[in-house]
Amino acid sequence: MNRPKGAVLIMEEDASIPAHAKPLMLEAVLFCPILSWMSKRLLADGVRRFFVVCGPRFAAQARACFPEDTEVSVSEQAADLTAFLDTEDPILVFPRAALPVAEAGAGFVYQAAGTHLRESWRERMTNNVSGAELVPGWLPVFGMDTVAELEPVLRERIIKGHQKNGVRILDPAAVYIDPRAVIGQGTLLLPGTMIRGETVIGAGCTVGPQAVLDSCTLADGVSVNASQLSGSTFAEGCAVGPNAVVDRCAVGEHVIINASQVYESALGAGTDVGPFAHIRPGCTVGPKCHVGAFVQLKNCVLGEGTKMSHLTYVGDADVGAGVNFGCGTITSNYDGFQKFRCTIGDGAFIGCNTNLIAPVTVGAGSYIAAGSTITQEVPPDALAVARKRQENREGWAARRRQLHENKK
């Protein structure tokens, strides 16, 4: 018989699944749903059309196990299945969840012409199809106990496959790799590394120790140390960690993220973040910026070369290039009812312990004296001083100490 062009995958009936559980085909083995294991192997074998027998409760999860451009029907309607089987091409049938294991003999997976399957199922409504050909290479999964038995074997095979392709894994017993991951030659995986989802790692990278990558893309030469990254893209020459969390971000070349959290933001080339910085969603940080210790950004734009070394909050602000923020500067962007934005021009110098009461504009090249609270526009190249004039009361501290001494 010719190689199959299509496959029918029969998921458990939705009614048999407890409210807190899901069909066995959607349970994960090494972070990857069994159905994704199946689809990956079938696509590699040349199967291009799929029909998943599944009700609406789990339809979205089932479809997500296939690449977006794959022809997949997910339905429990007999008419839809009949239409799918209207072909003389051979169709593979999976009566239950299975994992691809090359040495597995012929067992429960079978194939037959689509029209033959259609007629057999119309007449008998059974998986016992006369004239079908049994197909080897698949191990049935009967429950999570089967998963527990097979997972260590599959994990070892994945690791050995990457080692054969030139990936160095310092301690194979302490590394876990999703079967969907792609890892470049010369990359080093250190102990405690977990690689999940459709992660792509370039050549010559170093990942770990204690790093988690989930659906990330790392260019060549990226270093990730003791960090958690999710849905992120890193350009060549970046360094991330230790103890960093990066979630759904775009990161340019030669960026350093150290012991910080970055969410749904874009970082320009040559920027460094941390330690202990928090970049919240909606930020665009230009190239060569410095976002230092205990700095928080939120929904703001920073121009090239802007620096804030420590203890600063900038939220809802448009900041130009080459701006320097002193320690303790904040943008007061919320009045209890609405959020307002600050605008800071190129080359402005913001002194320590400055409060910018939004909405306010700070002109290019201007200076703000330390300890100021700015409520009005600062013209370009001006000096803004907004603090009470210093007053010294001679002998006050000595008299206060004497007073307390007399009370003892």
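Is Glu103 buried or exposed? With a relative accessibility of 54%, Glu103 counts as exposed; the cut-offs are under 20% relative accessible area for buried and over 50% for exposed, with partly exposed in between (1.4 Å probe, protein chains only).

1. Basis. This is a predicted model, in which local features need pLDDT of at least 70 and side-chain atom pairs count only at pLDDT 80 or more, while totals for chains, interfaces and linings use all residues. Residues are numbered from 1 along each chain as its sequence is written, and side-chain values use heavy atoms, with hydrogens and water left out.

2. Salt bridge of Glu103. The search of the whole structure gives twelve salt bridges, a salt bridge being a side-chain nitrogen of Lys or Arg within 4 Å of a carboxyl oxygen of Asp or Glu. In one of them Glu103 is joined to Arg157, with 2.3 Å between the closest N and O atoms. The two residues are 54 apart in the chain and link distant parts of it: Arg157 belongs to helix H5 (residues 144–164), and Glu103 to the loop between strand E7 (98–100) and strand E8 (110–113). Helices (H or I, at least four residues) and strands (E, at least two) are DSSP runs, numbered from the N terminus. Arg157 has a relative accessible area of 37% and is partly exposed.

3. Lys160 and Glu156 form a salt bridge whose closest N and O atoms are 3.1 Å apart. The two residues are separated by about one helical turn, because they are four residues apart in helix H5. Glu156 is partly exposed, at a relative accessible area of 42%.

4. Asp316 forms a salt bridge with Lys298, and the closest N and O atoms are 2.7 Å apart. Asp316 is in the loop between strand E34 (307–315) and strand E35 (317–319), and Lys298 is in strand E32 (residues 290–298), so this pair ties together parts 18 residues apart in sequence. Both Asp316 and Lys298 are buried. Elsewhere, a network of salt bridges links Asp86, Arg118 and Glu119.

5. Aromatic pairs. There are five aromatic pairs in the structure. Rings of Phe, Tyr and Trp (its six-membered ring) pair if their centres lie within 6.5 Å; planes under 30 degrees apart count as stacked, over 60 as edge-to-face and the rest as tilted. The ring centres of Phe51 and Phe84 are 5.6 Å apart and the planes are at 50°, so this pair is tilted. Phe51 is in strand E4 (residues 49–53) and Phe84 in helix H3 (residues 78–84), so the contact ties together parts that are 33 residues apart in sequence. Phe51 and Phe84 are both buried.

6. For Phe349 and Tyr367 the ring centres are 4.9 Å apart and the planes are at 15°, so the pair is stacked. Phe349 lies in strand E39 (residues 349–350) and Tyr367 in strand E42 (residues 367–368), 18 residues apart, and the pair links distant parts of the chain. Phe349 is partly exposed at 32% relative accessibility, and Tyr367 is partly exposed at 46%. Together with Leu383 and Val385, Phe349 and Tyr367 make a nonpolar surface patch of about 410 Å². Patches are made of residues with over 30% relative accessible area and no salt bridge, with like charges joined within 9 Å and nonpolar side chains (Val, Leu, Ile, Met, Phe, Trp, Tyr) within 5 Å. Accessible areas come from the Shrake-Rupley method with a 1.4 Å probe; for residues, only the protein chains shown count as cover. Val385 is in the loop between strand E44 (383–384) and helix H6 (396–407) and is partly exposed, at 48%.

7. Charges over rings. Arg41 lies over the face of Trp138, 5.2 Å from the ring centre, the criterion being NZ of Lys or CZ of Arg within 6 Å of the ring centre and within 35 degrees of the ring normal. The charged end of Arg155 is placed over the ring of Tyr176, at 4.3 Å from its centre.

8. The open sheet. Six strands form an open sheet in the order E5-E4-E1-E6-E8-E9, with mixed pairing; two strands pair if DSSP finds at least two bridges between them. Its edge strands, E5 (71–75) and E9 (133–134), each pair on one side only. Strand E1 (residues 6–10) is parallel to strand E6 (residues 90–94), with four bridges; Leu92 is the bridge partner of Ala7, and Val93 that of Val8. E1 and E4 also run parallel, joined by five bridges, and Ile10 has Val53 as its bridge partner in E4. Four of the five residues of E1 are buried.
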